[in-house]
Amino acid sequence: DRGRVAHCREDTMVNPIPDGLHTITPSLTVEGAAEAIEFYKRAFGAEERMRAPDPTGTKVWHAELRIGNSAFFINDTAPEMGATPSFSSLWIYTEDADKAFDRAVKAGAKVTMPMADMFWGDRVGMMVDRWNIKWTIAKRIKNLSAAEMKAAQDAFVAQMQKQKK
């Protein structure tokens, strides 16, 4: 029970990191969180774990979503409480990146970089949603040693310099 602390009663131990979460959990603040939640379900297969509406029932004070084995939070803007829009970038690693990318585009994400194989060994595509959250869909396709990574990077930089001339 290392890391757990007693809370309220002596026989109740509380984990300081809630079950199912990691040390770092992304949190998005958007205008229209309920709509964003539905979009993330369609686009990325997100699972809604919980939602707490504000007292009026018109805004989301806090919601937890999960994509694969990772959770993230989302809430509506509330400038009076310091919650202003966040412009974040999130990566999703998945077994079938092309299928996941196509799904998100069909749901309405705007492509900023089509799927392509990258020098560092990933297949990657990028998009942005209407809340200006940037999403990268990726799949590791090649494991590289440090020396192989350096050689691939050097070749990429050399190619970029040739294109500038």
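Phe 156, Val 157 and Met 160 form a nonpolar surface patch of about 230 Å². Such patches join nonpolar side chains within 5 Å, from residues with over 30% relative accessible area and no salt bridge (a Lys or Arg side-chain nitrogen within 4 Å of an Asp or Glu carboxyl oxygen). Areas follow the Shrake-Rupley method with a 1.4 Å probe. The model is predicted: local features need pLDDT of at least 70, side-chain atom pairs count only at pLDDT 80 or more, and totals for chains, interfaces and linings use all residues. Residues are numbered from 1 along each chain, and side-chain values use heavy atoms, without hydrogens or water.

Val 157 lies in helix 3 (residues 146-164); helices are DSSP runs (H or I) of at least four residues, strands (E) of at least two. Val 157 is partly exposed, at 36% relative accessibility; buried means under 20%, exposed over 50%, partly exposed in between.

The largest nonpolar core holds 28 residues. A core joins buried nonpolar residues through side-chain atoms within 4.5 Å. Tyr 40, Phe 44, Ile 74, Met 127, Ile 133 and Trp 135 have the most contacts inside this core. Helix 1 gives the largest share, seven residues. Trp 135 touches, among others, Tyr 40, Phe 44, Phe 72 and Met 127 (heavy atoms within 4.5 Å).

Thr 29 sits in strand 3 (residues 27-30). Thr 29 is buried, with a relative accessible area of 11%. Its side chain makes a polar contact of 3.3 Å with that of Asn 75; the term covers N or O atoms within 3.5 Å, one able to donate a hydrogen and the other to accept it. Thr 29 also touches residues including Asp 76, Thr 77 and Pro 85.

How values were computed: Buried means under 20% relative accessible area, exposed over 50%, partly exposed in between (1.4 Å probe, protein chains only). Patches are made of residues with over 30% relative accessible area and no salt bridge: like charges are joined within 9 Å, nonpolar side chains (Val, Leu, Ile, Met, Phe, Trp, Tyr) within 5 Å. Lists of a residue's contacts leave out its neighbours within four places in sequence.
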